[in-house]
Amino acid sequence: MTEPYANLAERSPENSGQPRALILEFRGSARDYFRIWAVNLCLTLLTAGIFSAWAKVRKKRYFYSHVILDGTPFQYLGRPIPILKGRVIAATLFSVYYLSSHFFTSVMPYILAAGAALAPWVIVRSAAFNARYSAFRNMTFRFDGNYLGALQAIYAWGLIPALVVGTMFQWWGNYKGAAALFGIFGLAFPWWISRLKNFIVSHTSFGGENGKFSATGGQFFKVYFIAGLIVIGAGIITGLGIAGVAASASIKKSQFAFLLFSLPFYAGYVFAFAYVQAHRGNLVWNQTRLGPLRFHSTLRGGAMAWLYLTNAIAIVASVGLLTPWAVIRTLKYRTDHMRVLVEGELSYFHGGDTSAVQAAGAELGEFFDVDLSL
Amino acid sequence: MNAGTVTLQGQYYDGRQPIGVPATLVFAGPEAMLIGANRSHGYATRQLLVSPRVGRAERFISLPDGGQFQCADQPALDHLPHESQSEGLVAWLEKHLSVALASVAVIAALLLAAYFYGLPAVAERVAARIPIETEQAVGREALVWLDNNQWFKPTHLEQDTQNQIREGFDMLRSGLPLERHYQLEFRASVIGANALALPGGTIVITDDMVHAAETVDEVLAVLAHEIGHVELRHTMRHVLQNSAVAVVAATLTADAASLSVAVAGLPVVLAQTKYSREFEAEADDFAFKLLKRHDRSPEAFATLMERLAKKHDEDQHAFAFLSTHPVTAERVKRARAAANGSASTNHPITQKK
């Protein structure tokens, strides 16, 4: 019963050649999400965290099913048990790390090495889980990256190994070595992020079409560089202000001045953070293609900073009760500033036998079906 | 058509292309029928699976042949087989504002009770069961690290002074449960007048601290405080409590953390500093009792604290506001109360500052 329906739906005359926009909207409401948030948080605390896997499913379901693309909501298919398994694994690994960092410091280098070896696996598993259990119009996403690919993406430039080895042999005691490592890491970081995003996007597929990622490390560098300038600028203003006042004023006044001038630094930091979130997000989406789909993300650093700031104030002032409201408005801002464009036909996507939503449940028994994303 | 017939309007997706087709799902008792644009198909109702209800979102019904039907949420769907039974109850709870408000009340009560009573009590009991030997390796490593990284230098104290202090220290620790684990170290240090209890029972006192003290009793008062930290297992309790706070805070702010940089970190720091202050007060009380047991007056502690606070103000004029300890006055007051305690517990101690 495939063919006649498909032809019928896509036989709209206006979409020849010119890309058309699919309507994307977020219909979540703070009132509805508040109830979900409160009930799930309460059950999580009452069950000493075990329910958190169910809570994650409920929240993800809520977000997915209230994002509506071209009239159809997304669907989250994740099940609590694999998530619980993933959380038990994560908690165990973290406890081992935590104990060794506090009590058995001699085994620390081995723990770090094991962590470095596990990192690619964690990335692959969480990407695969997220893709497998995300569906749109009865078709699930897929992720076909493997351990070796992730290993290459993370370690190809030897950055992390250098850091791990450096920590293992306590190069941190040597300030010049540490500074050099830090400098190299800082400079290479944008290219590293770019490789990582490329790995994720190009191995994610929908309806037989793999994502294509065309952002370069240089473009990421620009984002981080501007964020760095913002922080440095705020730092200079703060430094000058404090130095100026400290030279002249009395103690009482300098106390006040210190507080006053730490504000621009804090504001600069928040703004830089928001700037990175916005422009890195734009870069990743705008340079991603999925079959006939293109994305146009227009997040703005200033608007995001304002969002973060007002969220923080609201959450603190309400002792956390406005958290759901903050979450919803942030998601709404993000969806409102995203456009999805189709060049050609959606029939370009072809699902296989295993892509239908029902097939996702078939793999439930698989041991490595764990969710390691946070 | 009979009364049991339900008709749902929605979209049909075949799972092969992301294209929806307007369709109608009709079910009457055990029979269901999907009617599409130009054909229809029959199913057994028990083979259909409905996705869980969440908020006001549309629902999905999985068909046995791999197709999917999407429609608005409606009570009629409750009679179909559900994909996830366990979520039904949660979805029901989520529907009611009263349940949500009750949840908030339970969360608040749980957190407050755990923070003020539960966690400190549990940490104290757990710490008491963990042998102090587990901390010793860390303590040793910490001392070596501090020695190697210019924080500590060999002491310049006279051997006589050292012996005198050691003698008093041995007296203080004698008879304590952890007596044999104590080790006293003297060091010259950039950290100024200070004393610290490292994990596992090593207590370090700096030369500046010994110089700041005018009598041996004052030095012993400081050491008694550090002994309190060790004896009350503050290192272990600190680790246990702070990790519990961090884990709970991470759970609570999981939603907010990605939104607001400041929101996640601040409560943790505030919560943890409260515990630290409590440990200080506990160690003080322990010290006062210990001193009195050996016929020393906690007054020595009070005089030393006052002198240190004064000296501190003079040394660091410009940044005094950063290191103002409103606690000092309180600690001095409590020390004096303890000093006079046996005679006049009922009389408020009025002490000019």
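I began with the contact between the two chains, which takes 71 residues from chain B and 74 residues from chain A, contact meaning heavy atoms within 4.5 Å. I was working with a predicted model, in which local features need pLDDT of at least 70, side-chain atom pairs count only at pLDDT 80 or more, and totals for chains, interfaces and linings use all residues. Residues are numbered from 1 along each chain as its sequence is written, chains are lettered from A and ligands numbered from 1 in the order in which they are written, and side-chain values use heavy atoms, with hydrogens and water left out.

I then looked up the area that chain B and chain A bury between them, and found about 6500 Å², 65% of it on carbon and sulfur atoms; buried area is the accessible area (1.4 Å probe) that two parts lose on being put together, summed over both. I noted four salt bridges between chain B and chain A, each a side-chain nitrogen of Lys or Arg within 4 Å of a carboxyl oxygen of Asp or Glu. A:Arg61 forms a salt bridge with B:Glu87, and there the closest N and O atoms are 2.8 Å apart.

Next I turned to helices, which are DSSP runs (H or I, at least four residues) numbered from the N terminus. By class, I recorded six nonpolar, three polar and three charged residues in the contact of α2(A) with α3(A), where Ala, Val, Leu, Ile, Met, Phe, Trp, Tyr, Cys and Pro count as nonpolar, Asp, Glu, Lys and Arg as charged, and the others, Gly among them, as polar.

Last, I checked α4 (residues 159-173) and α6 (residues 216-231) of chain B, whose axes come within 10 Å and cross at roughly 45 degrees.

Methods: Axes fitted to C-alpha atoms, helices over the stretch in contact; angles between N-to-C directions. Helix = DSSP H or I, 4+ residues; strand = E, 2+ residues; numbered from the N terminus.
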